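Hello,

Here is the structure I promised to hand over, with my notes below it. Have a look at it before you read on.

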Amino acid sequence: MIKIKRLNFRYDLASNFHCSVTNHRFTLKCLPQNTARQKIEDIKLFINGVEYRQNATDSFGNSVVYGCISESHDKFVVSMTGTAFTGLDIFEEFQPDETKSVIFKYPTPLTTPGNGIENYFKSLELEKFPREYEKVLHIMRELHKDFAYKKGETTVSTTAEEAFNKGCGVCQDYAQIMTALCRMAKIPVRYVTGAIIGEGYSHAWVEALCNGFWYGFDPTNDLLVNNQYIKISHGRDYSDCVINKGIFNGYNRQELDVNVSINDEQ
Amino acid sequence: MDELFEHASTVNELLSRYGVKFGIYKNGQFNEQLFPFDPIPRIIKKAEFEHLEKGLIQRVDALNLFLADIYGNKQIVKDKVIPEEFIFSSSGFLQQCDGVVPPKNIFSHISGIDLVQAKDGTWYILEDNLRVPSGASYPMIARSLCRRTSPETFARTKIEDNRTYADMLKEVMNFVNTGGINVIVTPGRYNAAFFEHSYFAEKTGAVLTTGKDLVVENDNVYYVDYQGNRQRVGALYRRISDEFLDPMTFREDSVIGIPHLFEAYKKGNVAIINAPGNGIADDKGIYYFVPKMIKYYLNQEPILNNAPTYVPFYKEDMDYVLSHFDDLVIKDVSEAGGYGVFFGNSLTKEKKEEFINKLKAEPRRFIAQEVIDFLDIDVFIDGKRAPRKADLRAFVLSDGTTKVWKSGLTRFSRNPDSFIVNSSQGGGFKDTWILSQ
């Protein structure tokens, strides 16, 4: 049965610049969304030294906060707290209008399959599964078995095909390979950024459209998305869901420190 | 008209002194070369131009309706007039623009429509350019220099004045302006069309700037001058392509863009000319569907036709292309500027087989066209007239009403055997005269 959880979450980002920077413009996609499965309350977002900030929604419906810090600074600190009620349902969204999901059917530069993924796709023999949900579930199960979790082997710009050929990577790679495979099966699929209890860092998984419902699948953990997950944003691939984008003046090296914590109150 | 020939070299010298040059990157090197001007104008009779004018207005109106539909309700896809693959797998469709309505709902303010005339006199549309079409400045400045060197020609001949382009452009900027100054944004002096950017700024009174002097604050765009004074920008005629426009929304590595410009645009606080996302309408694969758009949106028959085109995505077209391969021109829809275009009969047997396999694997990526028997026009070479292939880029401006500039850029191929007239491929240009009676 569905079990509702009340989760208190906290997201901290600290960027330390080796030399001061000015004219820093940032765009953050860190605010969790309300979906059929989760409801978000009491969000507090703090950004240090910010001169102005604005809220917007991107073309996928994700919340965006953006703004500017003109004065010289050597630290960019963002912290967000809030409460999420998760497990309200087993799907994220009901979307019967097919034209709204068509953009999630076609490959993107990060998820275009090459020979490696194409051959793997054939080996999955998805024609044996009549329903979309079963196909997606099979893709998740098999990919989880055949791809290894290993940090430091891939970067944020590694494509699904490159990661697949390495045979190992992180949650972003699992999610992008799964995205490529579902799209080859003509199933609309979106890349999701969020967080999971006990991980300490942001997480990535996918949502697939099955019979009009978007369901979450986590190939890294071989799990259906449940009340342990807080969704932040979705898009066609990683590049649509970057949590923190920034541009500033000043030659620099920066160290980024990100911390996510989720406390289960029960 | 002969006095025009006498002064041809003077005009070319003046053009070079004014900086009418084309910058070309080849093998990582930047080279500027002159854009050679030929003194023999292309002449279009009044009645013929009126026919072209009607057809061009109809086409651009349909394209603007298409763009508003595609970034809105997508009815043309729902009604299956255009298959969804052609929209959503195209790199021209920008998801970021979905649902964004530009000021006054105009997407293509300045459209450059390329036409060719066949030997039987029929005009065909070859290509639509709805992103940042360039080239209007060249016939403008050539005309004014020719008027100076041979005023008697222009006193005798009744032709439409083409120096009106600057006023037309200014009206377009003023019409969509959301309150503020007009600016022309150039990537800088190393851009192929820098002369044009500076010439338009001078002629329209808009401020010429790079992205560096523009800032976005509280969702408004400001121009900051060298003294630090700020002026709000209401219309931004950008000569930088979509992907470099705003590093926070498009390519993150763009150093010529304006961070958060797209947010100001989304809120309706600045007009961007042309609207971002127009690449979906001038995609070579979408070109095939423009006559269908004219019927769909305007319920009219197209006045000007496309060159006969086949889309191998459809099985009957694929069969035709395979059986008539040697008679067709093949175009890769993902390329521009005369690249990715070849004649079926130019391939060796092995290359042909290799290409056909590629075509079968990615049918959506290519279109094929019948070779049009171009009407050659004369150019002046070594003191003599010689026939060359040429096209015509017509400029269509939309500011609530749609107007065609009474001139145009005629580009010709300097190589007698070549059909490719793009300036990036070393072609030259002519003035285009529209007779006024």
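**What I found**

Chain A first: its secondary structure comprises four helices and 15 strands (DSSP runs, with helices being H or I of at least four residues and strands E of at least two, numbered from the N terminus).

Before going further, please note that this is a predicted model, where local features need pLDDT of at least 70, side-chain atom pairs count only at pLDDT 80 or more, and totals for chains, interfaces and linings use all residues. Residues are numbered from 1 along each chain as its sequence is written, chains are lettered from A and ligands numbered from 1 in the order in which they are written, and side-chain values use heavy atoms, with hydrogens and water left out.

Back to chain A. The C-alpha trace spans about 60 × 40 × 35 Å along the principal axes. Of the 266 residues, 55% are buried (under 20% relative accessible area, with a 1.4 Å probe and protein chains only). Among contacts in chain A with a separation of 6 or more, 74% are between residues 24 or more positions apart (contact means heavy atoms within 4.5 Å). As for charge, chain A carries 29 positive and 33 negative side chains, and the centres of the two sets are 1 Å apart (Lys and Arg count as positive, Asp and Glu as negative, without His and the chain ends; each charge is placed at NZ of Lys, CZ of Arg, CG of Asp or CD of Glu).

Now chain B, which has 15 helices and 22 strands. For its 437 residues the globule rule gives a radius of gyration near 22 Å, and chain B agrees with 22 Å. Along the principal axes its C-alpha atoms fill a box of roughly 60 × 60 × 45 Å. Buried residues make up 57% of the 437 in chain B. Of the contacts in chain B between residues at least 6 apart in sequence, 70% join residues at least 24 apart. Chain B has 53 positive and 59 negative side chains, with the centres of the two sets 2 Å apart.

Finally, confidence. Chain B has a mean pLDDT of 92, and 96% of its residues reach 70 or more (pLDDT is the predictor's confidence in each residue, from 0 to 100). For the complex, the predictor gives an ipTM of 0.90 and a pTM of 0.93.

Best wishes

Conventions
Buried means under 20% relative accessible area, exposed over 50%, partly exposed in between (1.4 Å probe, protein chains only). The radius of gyration is taken over C-alpha atoms; the globule rule is 2.2 Å times the number of residues to the power 0.38.
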